[in-house]
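Colleague: Before we look at the model together, I would like to learn how its features should be read. Could you take me through them one at a time?

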Amino acid sequence: MKKNFIQYGKIPGGYTKREGKPADKAILTSRAIDRPIRPLFPKDFRNDVCVIATVLSVEPDNSPEVTAMIGTSAALAISDIPFGGPTAAVNVGYVDGKIIINPNLKEREKSELVLTVAGTMDKVTMIEAGAKEIPDEIMLKAIKEGHAEIIKICKFISDIQKEIGKTKFEYKSFEVSEELYSELENAYKDRMYQDVQAQDKEVRDANIDKLTEDIITFVTEKHGEEFAEEKSQEISEIIYKLEKKAVRKMIYEEHKRPDGRGIDEIRPLSCEVRNSSKSSWKCNFYKRSNTSYVYCNSRNAFRSSKFRWN
């Protein structure tokens, strides 16, 4: 969702006489719109879908972000695009010990909670929150009350869809072959389960690469090279599904992540900070196999002499 100068009654002037690129806020809002709707498209649907939310005017007491999220759901619901919605979203605040749905500007300034909840009639699909260390019970209550309002909005959108919604069009399915999936699953699911348990990420990636080569060889030898080339995209999708299934099984049944950590453990972290001169600092940050180097320069050479160093 992109905000334009025109919504404020301004016309871009100076060197650039046109609307600029999306601001960071617009990009983040676009992601918030995308997250609740993306899982609701059919898994075998490959058509490009573009949703453009244009802000024409802004009223400070009502969030254009939430309005865009609801409008997106309504537009998809009444269109002929296959979509498993509707979805809806609300802002939730916590002011003077009370949970408030879609707080106005003054209430947002005093609120101890900044919460955005999105979901369907059945479940919550997205939560974004910031809070001043409010109790877990209040957070859970805020999410539930937000979802109660979401259900009302979803029912409203469903009524609109029943009245003016178009028939969903038939699309070309890209679902993988059940026969090929079952064949590869029976042959390689145990090996996949072992390969994803390598604690070193590079070793784990190498295991998957080798397994992929072996699967392609297996299909080529059994069905022929032409069949393997024709089904190459399906084979890649099947390998992804097998890997995902193995990782989910490991997490749910053994409560263990692929790198060996428990579900309640974090990676070992370490950080080294030192100043290399009067005006610059260096920092090394380590997270298992990931390392970042940060260099910070605060003052130029002329002004650094005016600093007092203890």
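Modeller: Let us begin with the naming of elements: helices (H or I, at least four residues) and strands (E, at least two) are DSSP runs, numbered from the N terminus. The model is predicted, so local features need pLDDT of at least 70 and side-chain atom pairs count only at pLDDT 80 or more, while totals for chains, interfaces and linings use all residues. Residues are numbered from 1 along each chain as its sequence is written, and side-chain values use heavy atoms, with hydrogens and water left out.

Colleague: How many residues does α1 give to the lining of the second largest pocket, and what counts as a pocket?

Modeller: Rolling a probe the size of a water molecule over the atoms shows where empty space is left. On a 1 Å grid over the protein atoms alone, a pocket is an open set of points where a 1.4 Å probe fits, with protein on both sides within 12 Å along at least five of seven lines, and lining residues have an atom within 4 Å of a point. Here α1 gives the most to the lining of the second largest pocket, four residues; of the 20 residues in that lining, D34, I37, R38, F41 and V49 are the closest to the centre.

Colleague: Which residues lie nearest the centre of the largest pocket?

Modeller: They are K25, S63, E65, N91 and T116, out of 26 lining residues. Six residues of this lining come from α1, the largest share, and α1, α2, β1 and β3 (113-119) each supply at least two.

Colleague: How many aromatic pairs does a search of the whole structure find?

Modeller: Rings of Phe, Tyr and Trp (its six-membered ring) pair if their centres lie within 6.5 Å, and planes under 30 degrees apart count as stacked, over 60 as edge-to-face and the rest as tilted. The search finds five such pairs. One of them is the tilted pair of F41 and F83, at 5.4 Å centre to centre and 55° between the planes. Because F41 lies in the loop between α1 (24-37) and α2 (64-78) and F83 in the loop between α2 and β1 (88-95), the pair ties together parts 42 residues apart in sequence.

Colleague: Are F41 and F83 buried or exposed?

Modeller: Buried means under 20% relative accessible area, exposed over 50% and partly exposed in between (1.4 Å probe, protein chains only). Both F41 and F83 are buried, and F41, F45, F83, F169 and Y171 form one aromatic cluster.
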